[in-house]
Amino acid sequence: MKDLKTTESASWYVMRDLRRPNTKRPAYLQLQEAGVSVFTPMTNKMYVRQGVRHFVQVPVMLDLLFVHDTRAHLDHVLSRIALLQYRWQRGTYRQAITVPEADMQRFITAVTSTPAVSYYRPDEIIPSMYGRMIRIIGGPLDGFEVPLLKRRGTRNKRIIVQIDSFLTATVEVEPEYIQLL
């Protein structure tokens with residue numbers, strides 16, 4: 001099994017979980033138990049049970065997973081998890097969608113750097129919402145060159161970080177870290 005992992009390089013594969021939303025063991029937990037590196041954007045959701053509020057972390061998009069592993073090892077793991085599958089590129093025959101390593105690391109760093117994250121589908125961010133390009137100097141996002149989010153009536157500065165055609169996130173940034181380009 002280990003020789004399958006070392007012969008090829010690992011990539012970030014985009015996968016979909018076909019389980020019901022209320023399942024007790026979603027695919028991202030099963031993948032973590034199998035020793036596979038998985039990232040799924042999470043958000044806090046409040047449930048009220050018997051008059052008591054409970055906050056639970058749930059995936060933002062229930063069927064979207066980003067998995068970092070080799071294709072051979074993932075194929076072996078997928079043979080044991082029935083309702084998990086690759087997302088395929090349109091117009092190709094069984095070519096799995098991958099995200100470049102640098103883009104994925106940048107997205108994960110931005111999303112995990114602050115609790116004030118908002119997620120959007122790519123079609124929800126329109127071109128008029130893109131503000132000036134900035135560079136972040138210092139802090140956990142040091143070196144990022146990204147656009148600001150333009151929204152009327154907001155005082156907080158937010159940046160736009162995205163994974164093309166899948167998910168867009170806006171992250172709050174302290175004004176003292178911003179350098180206009």
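Colleague: Why does threonine 70 count as buried?

Modeller: Buried means under 20% relative accessible area. Threonine 70 has a relative accessibility of 2%, and therefore counts as buried. Across the protein chain, 35% of the 181 residues count as buried.

Colleague: What makes the pair formed by the side chain of threonine 70 and the backbone nitrogen of histidine 73 a polar contact?

Modeller: A polar contact requires N or O atoms within 3.5 Å. A polar atom of the threonine 70 side chain lies 3.3 Å from the backbone nitrogen of histidine 73, so the distance falls within that cut-off.

Colleague: How do you know which parts of the protein chain have the lowest and the highest confidence?

Modeller: The pLDDT scale runs from 0 to 100. Helix H1, residues 2-7, has the lowest mean, at 51, while strand S2, residues 37-39, has the highest, at 93. For the protein chain the mean is 86, and 96% of its residues reach 70 or more.

Colleague: What is the pLDDT over residues 1-5?

Modeller: Over residues 1-5 it stays under 50, and the model has eight contacts for them beyond four places in sequence. Where pLDDT is low, the predicted coordinates should not be read in detail.

How values were computed
Residues numbered from 1 in each chain as written. Predicted model: local features only at pLDDT ≥ 70, side-chain atom pairs only at ≥ 80, totals over all residues. Heavy atoms only, no water. pLDDT = per-residue confidence, 0-100. Helix = DSSP H or I, 4+ residues; strand = E, 2+ residues; numbered from the N terminus. Contact = heavy atoms within 4.5 Å. Buried < 20%, exposed > 50% of the residue type's maximum accessible area, 1.4 Å probe, protein only. Polar contact = N/O pair within 3.5 Å; in protein donor to acceptor, adjacent residues only side chain to side chain.
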